Amino acid sequence: MGFAMIVREVPDPGSPAAPGSPEHSFPSKRTKKAALSAGQLPRLSPQEDKVPSKVTSELKSCLQRARELGARVQELRSSAQRNDAGEPSELEAKGHPAGPCSEEKAPAYQRFHALAEPGPPGLVLPYKYQVLAEMFRSMDTIVGMLYNRSETVTFAKVKQGVQDMMRKRFEERNVGQIKTVYPTSYCFRQERNVPTFKDDVKRSDYQLTIEPLLDQEVGNTPPQLTASRLLQRRQVFSQNLVERVREHHRVFLASLNPPMVVPEDRLTRWHPRFNVDEVPDIEPAELPQPPTTEKLATAQEVLARARSLMSPRMEKALSDLALRTAEPSSPGSSNLVLPATPPATPPAPLKGVSQDLLERIRAKEVQKQLAQMMRRPEQEQRLQRLERLPELARVLRSIFVSERKPALTMEVACARMVGSYRMTMSPGEMEKHVQLLSELLPDWLSLHRIRTDTYVKLDKAADLAGVTAQLARLARAEEVL
């Protein structure tokens with residue numbers, strides 16, 4: 001009974017709501033959606049009229065944002081459908097590229113250098129031509145300073161100066177380009193015996209020398225590369241560069257349809273479609289190269305080459321020596337036959353110098369050159385050790401004097417000598433020098449093998465000057481052989 005009373009008090013879901021119920025006070029969700037789809041705001045009850053205006057403004061802004069997003073979605077869908085159909089998109093239609101360029105290009109400051117030049121358009125040079133003009137200006141400045149003080153101008157000096165001025169690499173290829181553009185600017189030669197004051201460059205090596213070609217001044221005074229000459233040469237170089245670009249411009253005008261012909265004296269700017277910065281690079285001219293020296297391989301070639309430098313007596317002595325050395329080695333072989341070339345006439349003797357003295361000097365020089373050319377590697381190494389022995393003998397004696405011992409082990413002696421010698425040398429190499437010392441001067445230095453150690457014993461009472469003089473004589477005798 002009580003349960004039935006409660007059921008009757010709950011209203012039926014299908015029946016209309018009571019005036020005071022919540023369903024009667026607030027609209028349902030379906031009602032709100034229908035009102036929103038119709039674009040109208042729902043009709044509010046008297047209780048909802050009391051809602052603050054702030055909530056109403058936020059609702060309106062949300063609706064406006066939803067409409068904008070819907071329009072954006074529709075636009076993207078239509079653009080996607082056009083792309084599927086193969087039509088160009090809006091960005092491509094406006095001239096924007098669809099993706100990055102696959103080809104690798106030069107930097108923009110080089111490709112559009114002519115467009116970025118200040119001032120009105122004119123006969124602008126390409127970027128690489130302007131760099132070459134700046135290289136010529138720097139090179140002419142360095143050459144002028146060296147030439148005006150009567151110094152031999154070499155490429156090594158010019159290269160270092162230009163690189164310091166421009167902070168760019170300067171090679172022989174750039175010098176060849178300068179020669180192509182301005183052939184009468186310099187005279188290039190390959191010379192040797194030029195003082196360099198550098199360890200890596202020998203005096204006998206060939207070097208590329210540079211000499212500016214200048215007009216002879218009035219009188220006997222040598223011409224100078226003054227500031228006015230530098231300015232004049234720079235202007236000539238720039239005019240030659242412009243003339244090269246003019247030639248490419250004429251070819252471009254002839255390739256147009258229809259071809260164009262513009263008088264050169266009236267040309268003040270390049271054609272708008274002529275890409276100045278794509279002008280081909282200048283081909284470098286050929287520079288003088290050092291002469292190739294032929295190398296002698298056999299003793300016969302050496303004798304044939306040196307015949308003109310030696311005296312008749314020296315030639316006969318060398319021939320007899322060659323015959324004597326060839327007989328024991330090959331008894332059945334035929335005698336050594338020298339080339340039948342007649343001896344060249346000796347040059348005219350110097351004034352005031354005896355002919356016999358000149359012949360003796362030439363004979364010694366020829367003998368020394370022959371010994372150097374025919375020397376084996378082990379002989380060269382032994383000669384180098386012999387040249388070091390006089391100084392090493394003084395070092396070793398000072399070590400024995402400071403140690404105050406009659407004998408030292410080989411390990412200790414070599415370690416002290418390595419620390420006292422001016423050149424860097426390993427203990428093993430120093431031990432070979434000590435063994436050579438004991439071989440040449442056994443009375444002054446002796447080696448004693450005791451068990452597993454080798455002891456070095458030195459005669460401190462001997463005259464050191466006589467010892468070093470004897471070692472020097474042995475080295476000179478070994479060098480002549």
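**View 1. A salt bridge joins Glu 429 and Arg 385.** The side chains of Glu 429 and Arg 385 meet in a salt bridge, with N and O 3.3 Å apart; the term denotes a side-chain nitrogen of Lys or Arg within 4 Å of a carboxyl oxygen of Asp or Glu. This pair links distant parts of the chain, since Glu 429 belongs to helix α16 (residues 427-440) and Arg 385 to helix α14 (residues 377-403), 44 residues apart. Helices (H or I, at least four residues) and strands (E, at least two) are DSSP runs, numbered from the N terminus. Arg 385 is buried because its relative accessible area is 15%; buried means under 20%, exposed over 50%, and partly exposed in between (1.4 Å probe, protein chains only). The model is predicted: local features need pLDDT of at least 70, side-chain atom pairs count only at pLDDT 80 or more, and totals for chains, interfaces and linings use all residues. Residues are numbered from 1 along each chain as its sequence is written, and side-chain values use heavy atoms, with hydrogens and water left out.

**View 2. Further salt bridges.** A search of the whole structure finds 16 salt bridges. In one of them, Lys 157 pairs with Glu 151, and the closest N and O atoms are 2.9 Å apart. Lys 157 counts as partly exposed at 28% relative accessibility, and Glu 151 counts as partly exposed at 29%. Arg 169 forms a salt bridge with Glu 171, where the closest N and O atoms are 2.6 Å apart. Arg 169 is exposed, with a relative accessible area of 62%, whereas Glu 171 is partly exposed at 26%. A network of salt bridges links Glu 243, Arg 246, Arg 250 and Glu 264.

**View 3. The largest nonpolar core contains 39 residues.** Met 139, Val 158, Phe 170, Phe 237 and Leu 241 have the most contacts inside this core. A nonpolar core is a set of buried Ala, Val, Leu, Ile, Met, Phe, Trp, Tyr and Cys residues joined through side-chain atoms within 4.5 Å. At least two core residues come from each of α7 (127-148), α8 (155-166), α9 (172-181), β1 (186-191), β2 (207-212) and α10 (227-254). The largest share, ten residues, is supplied by α7. Apart from this core lies another, of 27 residues, among them Leu 386, Ala 393, Met 410 and Leu 458.

**View 4. Strands β1 and β2 run antiparallel.** Six bridges join β1 to β2; two strands pair if DSSP finds at least two bridges between them. Tyr 186 stands opposite Pro 212 in β2. The covered face of β1 holds Tyr 186, Phe 188 and Gln 190, while Cys 187, Arg 189 and Glu 191 form the uncovered one. Asn 193, in the loop between β1 and β2, has a positive phi near 60 degrees. Glu 211 lies in strand β2 and is partly exposed, with a relative accessible area of 29%.

**View 5. A hairpin is formed by β4 and β5.** Strand β4 (residues 445-450) and strand β5 (residues 453-458) run antiparallel and are joined by six bridges. His 448 stands opposite Tyr 455 in β5. Two residues lie between the strands, and Arg 451 takes a positive phi near 55 degrees. Most residues other than glycine have a negative phi. Arg 451 counts as exposed, at 81% relative accessibility.
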